[in-house]
Each structure stands twice: as structure tokens, then as C-alpha cells.
Amino acid sequence: MEQQHQALRGLYIVTPDWDDTARLLAVTEQALLGGAAIVQYRHKTAQPVQRMEQAAALLSLCRQYQKPLIINDHLDLCQALDADGLHVGGTDIDVAAARAALGEHKIVGASCYGDLQRAKDAAAAGASYIAFGGFYPSRIKKYDFRTEYDIVSEAAGIGLPRVVIGGMTLENCKPLVQRGSEMVAAISSVYFEEDPQAAARAFAALF
């Protein structure tokens, strides 16, 4: 598990809902070249066949760059591809069930929103990292609340890598990195930039 934790540091890119697989792969590769540390495949509207095709292609790309691919929500897809891990949200399979299904060596991430107790429970259930947010309004995902900065420092005692998410830009993530966040999750601030490689490099330089 220690080696797994060491991989969980830096820029954590989350894919947008793009149906164009070639474009998705091209921009992801630019981000990896720029220093992205971890990739999460998230496509909320994809059909199962498309989801399998895109995730398999991304896994192959991530293997090439020796970076982990995390699947959002879909345990069956994670298992079928033997991807590196699964990210679970509040309405998905719970952390304990994901850990039991995937075994001890896979990465299991948990969305904890602005809830410190949820983060503690996730850690106790076998999570590999805890994700907090949204901290800012997001172009991609609507959050019903604004998470306070201090949860990042308050969660230090849990002993797991912390991810911050929600409207992250190079500037506004800095107070959260200063509070100890090991990872910054970004979608539009990398995927929608004119130069995704340069955007990724700038985020990676924070770490």
C-alpha cells in the first residue's frame, strides 16, 4: 500500500464527457506528457460499449506512461479491464464493498464532499485516498454547497492522500495545496485549454 500512496501525488486529471475517443486520447496524452500523475475515466453519458472502448484505450495509454487509471463509479468495468482502481461517490457502491471486490492492491478513492466524518469512515473502510470538494463553482459538475478550505488541514490526521476538486484553476488551488492537499483534480483547466501539456506542467510544478 505504501508504494500505491507514493503514486498518489500531483495533478489528477478527470476526463470530460467526450464521445470523440481520438480527441480524448490525444488530450490525455498531452496532459501525461505535461506531468499528470493520475487519470480518472469519467463519462456520465456513455453507453456501455463506448465506455469499455474508451476506458480500454485510456488504460493502454496510462500503461505506456506508467500512470494509474482510475475508473469512476463502474466496478464491473474496473474489474473487466483490470484497471488500477475505482473512485466511488456518495451514491455509488460503498468503499468497503469496493475494497472487498477489488482486493488490497487496487486504488479505491472516495468522494467525501465537505464531510470530515465521511472521510474518516472511508479510511476505516479501506480507501486509498479521500477527495474533498467542490471548493469553487465548476464548469462541469454542479455542487450544492461550497467546501471550506480548512477541511484539507483538518483531514491531515486521517493519514491518507487528499484530493481537492471543483472549479480548480492554477491560481485558486494554491491555498489548498498550501494546506497540504497531495492532489489537485482538474477537468476543464486541462482538457479545455489550448495547450493541455503546458496546463498540466504548470499544475505538476506545484508539487
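The exercises below work through the strands, helices, cores and side-chain pairs of a predicted model.

Residues are numbered from 1 along each chain as its sequence is written, and side-chain values rest on heavy atoms, with hydrogens and water left out. Because the model is predicted, local features need pLDDT of at least 70 and side-chain atom pairs count only at pLDDT 80 or more, whereas totals for chains, interfaces and linings use all residues.

**Exercise 1. Trace the order in which the eight strands close into a barrel, and follow the pairing of β4 with β5.**

Step 1. Helices (H or I, at least four residues) and strands (E, at least two) are DSSP runs numbered from the N terminus, and two strands pair if DSSP finds at least two bridges between them.

Step 2. The eight strands close in the order β1-β2-β3-β4-β5-β6-β7-β8, with parallel pairing. Neighbouring strands of this sheet are turned by 25° against each other on average, direction ignored; axes here are lines fitted to C-alpha atoms, for helices over the stretch in contact, and angles run from 0 to 180 degrees between N-to-C directions.

Step 3. Strand β4 (residues 85-88) pairs with strand β5 (residues 107-113) in the parallel sense over four bridges, and Val88 stands opposite Ala110 in β5.

**Exercise 2. Work out which strands helices α3 and α6 lie across.**

Step 1. Helix α3 (residues 48-65) lies across β2 (38-41) and β3 (69-72), running at about 175° to β2, where contact means heavy atoms within 4.5 Å.

Step 2. Helix α6 (residues 116-124) lies across β5 and β6 (129-133), and its angle to β5 is about 165°.

**Exercise 3. Describe the largest nonpolar core and the other core that lies apart from it.**

Step 1. A nonpolar core is a set of buried Ala, Val, Leu, Ile, Met, Phe, Trp, Tyr and Cys residues joined through side-chain atoms within 4.5 Å; buried means under 20% relative accessible area, exposed over 50%, and partly exposed in between (1.4 Å probe, protein chains only).

Step 2. The largest core has 54 residues, and those with the most contacts inside it are Tyr41, Ile71, Ile130 and Phe135. Helix α3 supplies the largest share of this core, five residues.

Step 3. Apart from it lies another core, of twelve residues, among them Tyr12, Ile38, Ala131 and Val163.

**Exercise 4. Locate the partners of the Arg63–Asp84 and Asp82–Lys106 salt bridges, and state how accessible they are.**

Step 1. A salt bridge is a side-chain nitrogen of Lys or Arg within 4 Å of a carboxyl oxygen of Asp or Glu, and a search of the whole structure finds six.

Step 2. The side chains of Arg63 and Asp84 meet at 3.0 Å, N to O. Since Arg63 lies in helix α3 and Asp84 in the loop between α4 (75-81) and β4, the pair ties together parts that are 21 residues apart in sequence. Arg63 is partly exposed at 41% relative accessibility, whereas Asp84 is buried at 18%.

Step 3. Asp82 and Lys106 form a salt bridge at 2.6 Å, N to O. This pair links distant parts of the chain, with Asp82 in the loop between α4 and β4 and Lys106 in the loop between α5 (95-102) and β5, 24 residues apart. Asp82 is partly exposed at 45%, while Lys106 is buried at 17%.
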